[in-house]
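I wanted to go through this model with a notebook open and jot down what I found. Here are my entries, in the order I looked things up.

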Amino acid sequence: MSSITGKTRICGIIGDPIEHSMSPVMHNAAFEALGLDYAYLPFRVRREELPEAIAGIRALNLVGLNVTLPHKVDVIPLLDKLDPLAERMGAVNTIVNNDGVLAGYNTDAPGFLQALLSKGIEPEGKNIVILGAGGAAKGISFILAEAGAKLVILNRTLPKAEELASQITQYYHKKLEAMVLSEENLSKALGGADVLVNTTSAGMVPGVDQTPVPAKLLKSDMTVFDIVYNPLETRLLREAKAAGARIIDGLDMLVWQGVLAFEKFTGQKAPFEIMKGAATKALAHEK
Ligand code: ATR
């Protein structure tokens, strides 16, 4: 950062709170590794100041911004263009400034898909069980439906799972089952599952002793993907590993969404390992 000059291009992230974001360390490490004259800054932006912040992208000639909670939905009407997936998801996490024209994208769900593909798992035709029906589950289930996976959604609150299932049926013309998150339903759904994805906050700090799935239902022939990254090894992943299952943690999704955003900001291929290393180090320091 000591080498900022008059030519340095600026990107950043807006959210509230913002101090725990991993994005500044990931992106700055990548700029440094590739020798790019860019810098990436965190901006705490209050809800009521979002319109001014977005207008500021143009006024300050920023390259673009990532967007995190609580602004991912509210930012949409403030943009000039919207990528079709972001539009369908109703959430934007990346804004690119093309000469004052602001385009919104979502790299969260594509980041999830890249994390799966990078482990050699091609979703087409796979039986995938999704736990949760919130914002993260929405993006993930949309992208998996688009990729041709067979989905089942389980959520603590059944109507939310049913609503998500009906959106998938509407957009992707696929029928899928929505069930309440209970041991009985998990047992049924996991019978033929290739991949289990946890998008619920069960197991996240401070509830690290929680798990959404009883250990006895985890099997060696499944892949268990927990999008929680705090902690990196959740109880679910620990028990999945013990059962002989293949596991993918939430850091991979976080890094891949950053990789995809980086490529939109710079037009260059992002250094995945550098970004993952920087995020891993930053997470260890958070503790
Ligand atoms: P995100 O954007 O991360 O998906 P969210 O939209 O707040 O966050 O959704 C959180 C999800 O975690 C929801 O599916 C929620 O279930 P409800 O719809 O029933 O609220 C789920 N969740 C949170 N805590 C949970 C717990 N202890 N057990 C099971 N599910 C939980």
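**Strand β1 and its neighbours**

I started with a pair across two strands: Cys11 stands opposite Tyr40 in β2. The chain gets from β1 to β2 by way of helix α1 (residues 23-34), and I noted that this β-α-β crossover is right-handed. Keep in mind that this is a predicted model.

Next I counted bridges. β1 and strand β2 (residues 38-44) run parallel and are joined by seven of them. β1 also runs parallel to strand β3 (residues 64-67), with four bridges between the two. On that side I looked up Ile14, and its bridge partner in β3 is Val67.

Is strand β1 enclosed or open? Five of its seven residues (residues 9-15) are buried, so I put it down as largely enclosed by the rest of the structure.

I then moved on to Thr68, which is in the loop between β3 and β4 (81-82). Its relative accessibility is 21%; the buried class ends under 20%, so Thr68 counts as partly exposed.

**The ligand**

Which residues come nearest to the ligand? I listed Ala133, Asn155, Arg156, Thr157 and Lys160, out of 14 residues around it. By type, that shell splits into four nonpolar, eight polar and two charged residues.

A side-chain N or O atom of Asn155 is at 2.7 Å. Lys160 puts a polar side-chain atom at 2.8 Å. Gly135 uses a backbone N or O atom, at 3.0 Å. As for cover, the ligand exposes 650 Å² when taken alone, and the protein buries 67% of that.

Most residues other than glycine have a negative phi, and most peptide bonds are trans, so I went looking for exceptions.

I found a cis peptide bond from Asp16 to Pro17, with omega near 5°; Pro17 is in the loop between β1 and α1. The bond from Val205 to Pro206 is cis as well, again with omega near 5°. Pro206 is in the loop between β10 (195-198) and β11 (223-226).

For positive phi I have Asn61, at about 55°, in the loop between α2 (50-59) and β3. Asn61 is exposed, with a relative accessible area of 52%. Asp99 has a positive phi too, about 50°, and I placed it in the loop between β5 (94-98) and β6 (101-105). Asp99 is also exposed, at 83%.

Terms used:
Residues numbered from 1 in each chain as written. Predicted model: local features only at pLDDT ≥ 70, side-chain atom pairs only at ≥ 80, totals over all residues. Heavy atoms only, no water. Buried < 20%, exposed > 50% of the residue type's maximum accessible area, 1.4 Å probe, protein only. Pairing = 2+ DSSP bridges. Right-handed = clockwise from strand over helix to strand, strands pointing away. Near = heavy atom within 4 Å. Polar contact = N/O pair within 3.5 Å; in protein donor to acceptor, adjacent residues only side chain to side chain. Areas by Shrake-Rupley, 256 points an atom, 1.4 Å probe, with all protein chains shown as cover. Nonpolar A, V, L, I, M, F, W, Y, C, P; charged D, E, K, R; others polar.
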